[in-house]
Amino acid sequence: MHSEEQKRLNPLDMVLAQIDKASRYLACDPNLIEKLKHAERSLMVSVPVMMDDGRLKVFKGFRVQHNTVRGPAKGGIRFHPDVDLDEVTALAAWMTWKCAVMNIPFGGAKGGVECNPKEMSIREIERLTRRFTAEILSFIGPEKDIPAPDVNTNAQIMAWMMDTYSMQIGHSVPGVVTGKPIEIGGSEGRSEATGRGVVFTILEAAKRMNLRLDGATAAIQGFGNVGASAAKHLCREGARITAVSTSKGGIYCDRGIDIQALQSYYKKNATLAGFEGYDVITNDELLHLPCDILVPAAMENSIHKDNAGGVRARIIAEGANGPVTPIADEILKDKGVFVIPDILANAGGVTVSYFEWVQDLQNYFWNEEEINEKLKMLMVSAFKKVVNIAEENKVDNRTAAQMLGIGRVVEATRVRGLYP
Ligand code: NAD
């Protein structure tokens, strides 16, 4: 059920409001800020696909490069019925700030196809992926723009993108996408990097709040790549996951959920329903559970004006991009919730994507221990920088993260100057 606020909320408006807010504190040249309000390039394509029943269906696809001042554009590909140009543009802008917060040499991009992969066969998804890749082929490349997985896309889909691109170019180009299988140049640790990174930031937040993760309780909304790996790594730290959910609803158990068993069950059945010994709950009930940590790891705007008041968690770690609306942000601030904003909390994915790209370019691969160590170092360092900015300027963590990210992009734009 969507509230009025959610229906009206265009993520691109959120982005523009966030730029205005952060730039007030940064006090930088308004001309530089103006440039950041616009995506550098947006490509909209038709993706004709022959469906299994012999019917031709034409899907709408998008790739937006928001900013490439600090390096090639980087960002995921989403397959979802709600994908549109404004959503993709907003997600691309958040990628620009995220890469800058982590201080990795990428700009921001995002792509997507308006489709419902849950109603498509695996072969239809492959044909869609390959044709979409062919349509955006001249736009992407290891030096230009590097896609990765996002909602409803995964390592297999990245493999098809990499193969399609390589077949057209005439040789294998592993660096054109990240989040691909290890066998074709993927990185150790990439599949769990986002969830692992979320937990690195939760550990830092917990330290500041004198909260021991061993014995703490957590609720996770979304049990996909990000949610499931965040749940797994929270368990490893000794936390009790009392609830998880998917788009179809969730399950609850005060004793704690066996995440490993649930993951195997979900993989086999593609639903949480029927997993024995747990109570069924709705997504809103999950958000209102008494718990120490809440990880929204599904879609934008899931915590909004009408349900933010009922949140009882002490820490919210945004596994998803844009899960908290601006009004909900204010409500959570008044309640004293420690929010770890998306462009920091879920930056582990793009960080290990960066490691993957570096390994592909040099054809030399690191082991998982090295990857996780480097990831931890960057996440902890970014967390500390953001929290220091928040304290020094008396702003919330989201504004602080935007200040760090936007500030770095502004500085790079200033030194490069305006072409021509
Ligand atoms: P995914 O497709 O693997 O999983 C999405 C999960 O969210 C699924 O369990 C789905 O059932 C659930 N979901 C969808 N709509 C929901 C709803 N309305 N209520 C509750 N659950 C719902 O996707 P993912 O890669 O895990 O991405 C999740 C979020 O994390 C997105 O916002 C994405 O942009 C962000 N993110 C992903 C990565 C990554 O590396 N995959 C990196 C950074 C950020």
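1. Met-50 counts as partly exposed because its relative accessibility is 42%, where buried means under 20% relative accessible area, exposed over 50% and partly exposed in between (1.4 Å probe, protein chains only). Met-50 belongs to strand 1, residues 41-50, strands being DSSP runs of E of at least two residues and helices runs of H or I of at least four, numbered from the N terminus. Together with Leu-56 and Val-58, Met-50 makes a nonpolar surface patch of about 290 Å². Patches take residues with over 30% relative accessible area and no salt bridge, joining like charges within 9 Å and nonpolar side chains (Val, Leu, Ile, Met, Phe, Trp, Tyr) within 5 Å.

2. Please bear in mind that this is a predicted model, in which local features need pLDDT of at least 70 and side-chain atom pairs count only at pLDDT 80 or more, while totals for chains, interfaces and linings use all residues. Residues are numbered from 1 along each chain as its sequence is written, and side-chain values use heavy atoms, with hydrogens and water left out.

3. The protein has 15 helices and 12 strands. Its radius of gyration, taken over C-alpha atoms, is 20 Å, close to the 22 Å that the globule rule gives for 420 residues, so the protein is as compact as a globular protein of that length; the rule is 2.2 Å times the number of residues to the power 0.38. Of the 420 residues, 58% are buried.

4. Across the whole structure there are 28 salt bridges, each a side-chain nitrogen of Lys or Arg within 4 Å of a carboxyl oxygen of Asp or Glu. One of them joins Asp-145 to Arg-63, with the closest N and O atoms 2.5 Å apart. This pair links distant parts of the chain, since Asp-145 is in strand 5 (residues 145-149) and Arg-63 in strand 2 (residues 56-67), 82 residues apart; both residues are buried.

5. Which residue meets the side chain of Arg-78 in a salt bridge at 2.8 Å, N to O? The partner is Glu-300, and because Arg-78 lies in strand 3 and Glu-300 in the loop between strand 10 (293-296) and strand 11 (315-317), the pair ties together parts that are 222 residues apart in sequence. Arg-78 is buried at 3% relative accessibility, and Glu-300 is buried at 13%. Both belong to a network of salt bridges that also links Glu-87, Lys-110 and Asp-150.

Note on methods:
Areas by Shrake-Rupley, 256 points an atom, 1.4 Å probe, with all protein chains shown as cover.
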